[in-house]
Amino acid sequence: MNSKRLKEISKLAGFDLCGITTPEVIPEAVDYFERWIENGFHAEMEWIGKNRERRYDPKKLMDGVKSVIILGLNYYKPNTDELGQTEASAAHNNSGLVSRYARGKDYHKVIRRKTEDMIYRVLKEENELSQDSFNWWVDYGPFLERSYAVKAGIGYIGKNSMLINKEYGSWIFLSEIVTTLELEPDDPTDLDHGKCGSCRLCIEACPTDAIVKPRVVDSNKCISYLTIERPSMIPDELADKFGNMIFGCDICQEVCPHNLERQVLSAHKDFVGTKGVGEFINLDKILNLKSREEFLKLTAGTPLTRPKEDGLKRNAEIVKRNKGKKC
Ligand code: B12
């Protein structure tokens with residue numbers, strides 16, 4: 001199978017972007033990662049510092065790897081405010097704002113289905129291959145997704161550290177397949193995804209100054225980390241800056257001029273709010289949860305299971321407090 005056909009298959013399986021590269025180590029990415037860990041920017045995400053050799057070298061992930069396939073899925077949907085529905089928004093006075101990636105179904109599950117479908121389609125056309133010729137991950141794998149996405153021509157790394165694509169901006173999920181299939185790699189220098197130039201809007205807009213320098217995010221201060229990953233209590237001086245954000249944060253992406261220019265509605269129905277918790281979530285609904293069952297009834301199948309019941313309640317209390325202060 002050639003790269004052209006593989007990309008056609010990725011579209012049939014529902015992916016918006018597909019880039020191909022070789023499984024070589026990327027020294028610049030290793031350097032960035034090492035310095036990030038040394039500085040303690042991973043905060044309490046101890047898991048990310050483990051298995052580093054595997055994370056740096058896709059050849060360590062499977063015997064005989066010849067190619068890395070990077071896939072992208074656009075999840076962009078406008079906020080209610082952007083649609084001019086201020087009344088709808090006002091009705092959410094007692095609610096917290098959920099970041100865009102988390103409003104519908106859990107993307108890990110959506111991407112898993114599409115990846116399995118893609119591999120199945122490839123196997124139907126390639127008799128010499130088997131399931132063992134592929135391995136794949138989304139997000140949680142020991143893989144430097146953004147760096148390999150750059151190498152595969154999917155985008156460039158912006159100052160907010162997001163992978164920015166010329167068509168969709170940064171509103172894309174990434175995932176990867178490693179395979180023993182030898183494919184023609186993409187030439188990343190061939191594509192113009194834009195650049196940041198002297199723009200510093202994302203750095204200046206971050207309420208907690210988490211972008212400590214271009215392309216480097218300190219998780220200890222990042223609202224996304226604090227509301228999703230941090231297991232413990234959040235210091236008031238940071239919590240006071242969350243505004244109404246209850247889960248994740250999109251500020252550094254929302255101010256990005258590339259994203260303002262490239263607002264392509266996601267074609268994936270699984271990411272609409274009605275498939276998950278939606279854009280706003282009522283604070284009392286969370287604070288009044290009485291059991292794990294009630295928590296799961298509200299969050300199962302969505303990214304909001306991640307901080308567990310206690311974490312989500314902690315976030316709801318913070319937003320409630322912040323709203324009180326505003327009045
Ligand atoms: C840990 C993690 C986080 C942490 C730390 C984020 C960070 N900036 O490092 C926290 C919890 C804060 C977080 C937040 C978010 N995350 Co997150 N996260 C990850 C995860 C699991 C690992 C990232 C990592 O290794 N960080 C360490 C740093 C050093 O690595 P890096 O960010 O990938 O940066 C690389 C490049 O910048 C590179 N580099 C810099 N310059 C150059 C130049 C060249 C030429 C090259 C090749 C490389 C390069 O070196 C770095 C190391 O490879 C990835 C999935 C994955 N397996 O990669 C998702 C991922 C990065 N997250 C994602 C998302 C969507 C988010 C949020 C938007 C969620 C939200 N709305 O709240 C925010 C965005 C915050 C931000 N501005 O980064 C997406 C990003 C997609 C995209 N378009 O970029 C990913 C890829 C998950 C996915 N599968 O789609 N996340």
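The model is predicted. Within it, Q253 is part of helix α10 (residues 251-254). With a relative accessibility of 4%, Q253 falls in the buried class. Setting aside neighbours within four places in sequence, the contacts of Q253 are Y75, N160, M162, S170, W171 and N259.

**Cysteines**

No pair of cysteines is bonded: a search of the whole structure gives zero disulfides. A disulfide is a covalent bond between the sulfur atoms of two cysteines. For C199, the closest cysteine sulfur is that of C202, and the 6.4 Å between them is too far for a bond. For C252, the closest cysteine sulfur is again in C202, at 6.3 Å, which is also too far for a bond. C199 has a relative accessible area of 26% and is therefore partly exposed.

**Backbone angles and accessibility**

Most residues other than glycine have a negative phi. A43 has a positive phi, near 55°, without being a glycine. The loop that holds A43 runs between α2 and α3 (52-56). D139, likewise not a glycine, has a positive phi of about 70°.

| Residue | Relative accessibility | Class |
|---|---|---|
| Q253 | 4% | buried |
| A43 | 13% | buried |
| C199 | 26% | partly exposed |
| D139 | 37% | partly exposed |
| G324 | 49% | partly exposed |

Eight of the eight residues of β2 are buried, so the strand is largely enclosed by the rest of the structure. In a regular strand the side chains alternate between the two faces of the sheet. On one side of β2 the buried residues are S67, I69, L71 and L73, and on the other they are V68, I70, G72 and N74, so that both faces are covered.

β2 pairs with two strands named here. Strand β1 (residues 17-21) runs antiparallel to β2 and is joined to it by five bridges. Within that pairing, C18 has L71 of β2 as its bridge partner. β7 also runs antiparallel to β2, with eight bridges between them. There, I69 is bridged to I177 of β7.

In soluble globular proteins, nonpolar side chains tend to be buried together. The largest nonpolar core of this model has 49 residues, and I70 and I154 are the members that touch the most others. At least two residues of this core come from each of α2 (27-38), β2 (67-74), α6 (145-151), β7 (172-179), α7 (201-205), β9 (216-217), α8 (223-229) and α9 (236-239). α2 gives the largest share, five residues. Domain 1 (3-76 + 105-190) and domain 2 (201-326) each contribute at least three residues to this core. Another core, of 45 residues, lies apart from it and includes Y101, A102, I246 and V277.

Which residues are in contact with I70, leaving aside its neighbours within four places in sequence? They are L17, C18, G19, F143, E145, Y148, A149, A152, I154, L174, S175 and E176.

**Helix α5**

Helix α5 (residues 107-125) has 19 residues, which at 1.5 Å a residue should span 27 Å; its end C-alpha atoms are 27 Å apart, in agreement with that figure. An α-helix has 3.6 residues a turn, so residues three or four places apart point the same way. The buried residues of α5 are Y107, V110, I111, K114, T115, M118, I119, V122 and L123. Among the elements that cover these buried residues are α1 (3-12), β2, β4 and β7.

**Domains and ends of the chain**

The domain assignment divides the chain into domain 1 (3-76 + 105-190) and domain 2 (201-326). Taken over C-alpha atoms, the centres of domain 1 and domain 2 are separated by 25 Å. Contacts between them involve 39 residues of domain 1 and 37 residues of domain 2.

G324 is placed in helix α14 (residues 308-326). Between G324 and S10 there are 314 residues of separation in sequence, and their C-alpha atoms are 48 Å apart in space.

How values were computed. Residues are numbered from 1 along each chain as its sequence is written. This is a predicted model: local features need pLDDT of at least 70, side-chain atom pairs count only at pLDDT 80 or more; totals for chains, interfaces and linings use all residues. Side-chain values use heavy atoms; hydrogens and water are left out. A nonpolar core is a set of buried Ala, Val, Leu, Ile, Met, Phe, Trp, Tyr and Cys residues joined through side-chain atoms within 4.5 Å. Buried means under 20% relative accessible area, exposed over 50%, partly exposed in between (1.4 Å probe, protein chains only). Helices (H or I, at least four residues) and strands (E, at least two) are DSSP runs, numbered from the N terminus. Domain bounds come from an automatic or database domain assignment. Contact means heavy atoms within 4.5 Å. Two strands pair if DSSP finds at least two bridges between them. A disulfide is a pair of cysteine sulfur atoms within 2.5 Å. The expected span of a helix is 1.5 Å times one less than its number of residues.
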